[in-house]
Amino acid sequence: MKIAIVGLGYVGLPLSLQFSRSGVGVIGLDVDPVKVKALNEGRSYIKHIPDEAIAEQIKPGRFSASTDFNRIQEVEAIIICVPTPLNKNREPDISFILQTGRSIAPHLAKGAVVVLESTTYPGTTDEDLREVLEAGSGRKAGTDFHLAFSPEREDPGNPNSQVASIPKVVGGYSPACLEKAMAVYGHAIKNLVPVSSCRVAEATKLLENTFRSVNIALVNELKVVYSAMGIDVWEVIQAAKTKPFGFMPFYPGPGLGGHCIPIDPFYLTWKAREYGQNTRFIELAGEINTSMPEYVVHRVGDALNSRKKALNGSSILVLGLAYKPNVDDDRESPSYVLMEMLSKRGAEVSYHDPYVPVIKLTREHPHWAGRKSVAWEQKSISPFDLVLIATNHASVNYEELGAWAPLIVDTRNVMATVSTKPGQIWKA
Ligand SMILES: NC(=O)c1ccc[n+]([C@@H]2O[C@H](COP(=O)([O-])OP(=O)(O)OC[C@H]3O[C@@H](n4cnc5c(N)ncnc54)[C@H](O)[C@@H]3O)[C@@H](O)[C@H]2O)c1
């Protein structure tokens, strides 16, 4: 069997490798020629995927990368893993999906299976993508080609997360579409979970991500409330999670980051409006989570104040730019919001992140581009007035940090097990 995977990012690349390892021929298609070149040379551009994992599949020729969408005619199935961001008005931007649909439609073979994996609102697959595919190919979904949605459940940076063993939800445009899509995934994924439609599968992914957003907002709110009462929310969560049923721990932080949790729930909010429905939980969770950097900056001000210093003119090191530990993904990272807010208040801001040596140019934060991670050594860390821990990378030596930094604001409770001086650590 030969398939194409479109979009070779955090989702598409591990999926391509998993299919290839299972003996399926994979053409990886991407619009980015730099990624395509790197892959064909056996090089990875994602920290947690080693070069060898790619070279092992490229060398025997089972996996190859290309920018040429004509190659769609060679394959029996196409899996789409392109980005689904929000536009500047915070509305869904499915243009990458539609563009991919337009690129593949003219080359769609009869009987081919098209599966969308990008997170999106219910109706994208059977309305928006179907229309583009049918118009561009002159073929009908459900009769001439098969159409399905199957959400990705990638957990980047989790060493125990294996694409093959994570159960995969699949919904088809018709029962035959479901059957064909299940047969494709059956080559590479152990446990498939069929559902009755593309829309149910799309809605499942949105439930999963909204569940995280709402629960993170809950602990973020409790962090602020308990802190005012002199209670440490981290200790409370530790105790609560000993309950063997009906509780699942979520942890507070400086705000939400990444390509999924801060964005996906708003896909549902937007679509719900078409049906006259409000998504109050999603809005409230969004409000609380986006207010977290403000709270953290307030705590930074209090910490400096305890040393008779002002934010204005203080030198602050933000520790961790990635939105979560042990990954190099800084998309939507609250660290940037913190850096922005601190420098607006007159602080001199620097950062250290072992996985982000230099800040790349992005649309959202162009003026930070080119800034370099401060070296991890006493002579460069000690002079900072304050270190703000935004991400708890495991490779950072927190004992050294405790010994070097005069004042630390900790949003991840990572200093809890380190010996420190009274008044040195401020939780936020
Ligand atoms: N990163 C995650 O942990 C994660 C988890 C679950 C779901 N998702 C969802 O999966 C989708 C992809 O996310 P990602 O993190 O892999 O994104 P990504 O930005 O890492 O990768 C997307 C890739 O698609 C390519 N691309 C863009 N437009 C294209 C086009 N028209 N044709 C071909 N390639 C194109 C880009 O060059 C990039 O390589 C999103 O919908 C996201 O919400 C992501």
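**The ligand and its surroundings**

Modeller: In this predicted model, a nitrogen atom of the ligand lies 3.4 Å from an N or O atom in the side chain of Thr100. Taken alone, the ligand would expose 830 Å², and the protein buries 92% of that area. Two further contacts involve oxygen atoms of the ligand. One is to the side chain of Thr84, where an N or O atom is found 2.5 Å from a ligand oxygen. The other is to the backbone of Val11, of which a polar atom stands 2.9 Å from an oxygen of the ligand.

Val11 and Thr84 also belong to the closest residues of the shell, together with Asp30, Lys35 and Thr119. In total, 27 residues surround the ligand.

Helix 7, residues 198-228, packs with helix 10, residues 280-290, at an angle of about 50°. The axes of helix 7 and helix 10 are 8 Å apart. Angles from 65 to 115 degrees count as roughly perpendicular and those under 35 degrees as roughly parallel; helix 7 and helix 10 are therefore oblique to each other. The crossing of helix 7 and helix 10 is left-handed.

Key
Residues are numbered from 1 along each chain as its sequence is written. This is a predicted model: local features need pLDDT of at least 70, side-chain atom pairs count only at pLDDT 80 or more; totals for chains, interfaces and linings use all residues. Side-chain values use heavy atoms; hydrogens and water are left out. A residue is near a molecule or strand if one of its heavy atoms lies within 4 Å of it. A polar contact is a pair of N or O atoms within 3.5 Å; within protein, one must be able to donate a hydrogen and the other to accept it, and residues adjacent in sequence count only if both atoms are side-chain atoms. Accessible areas come from the Shrake-Rupley method with a 1.4 Å probe; for residues, only the protein chains shown count as cover. Axes are lines fitted to C-alpha atoms, for helices over the stretch in contact, and angles run from 0 to 180 degrees between N-to-C directions. Helices (H or I, at least four residues) and strands (E, at least two) are DSSP runs, numbered from the N terminus. Angles under 35 degrees count as roughly parallel, over 145 as roughly antiparallel, 65 to 115 as roughly perpendicular and the rest as oblique. A crossing is left-handed if the near helix is turned anticlockwise from the far one by less than a right angle, and right-handed if clockwise.
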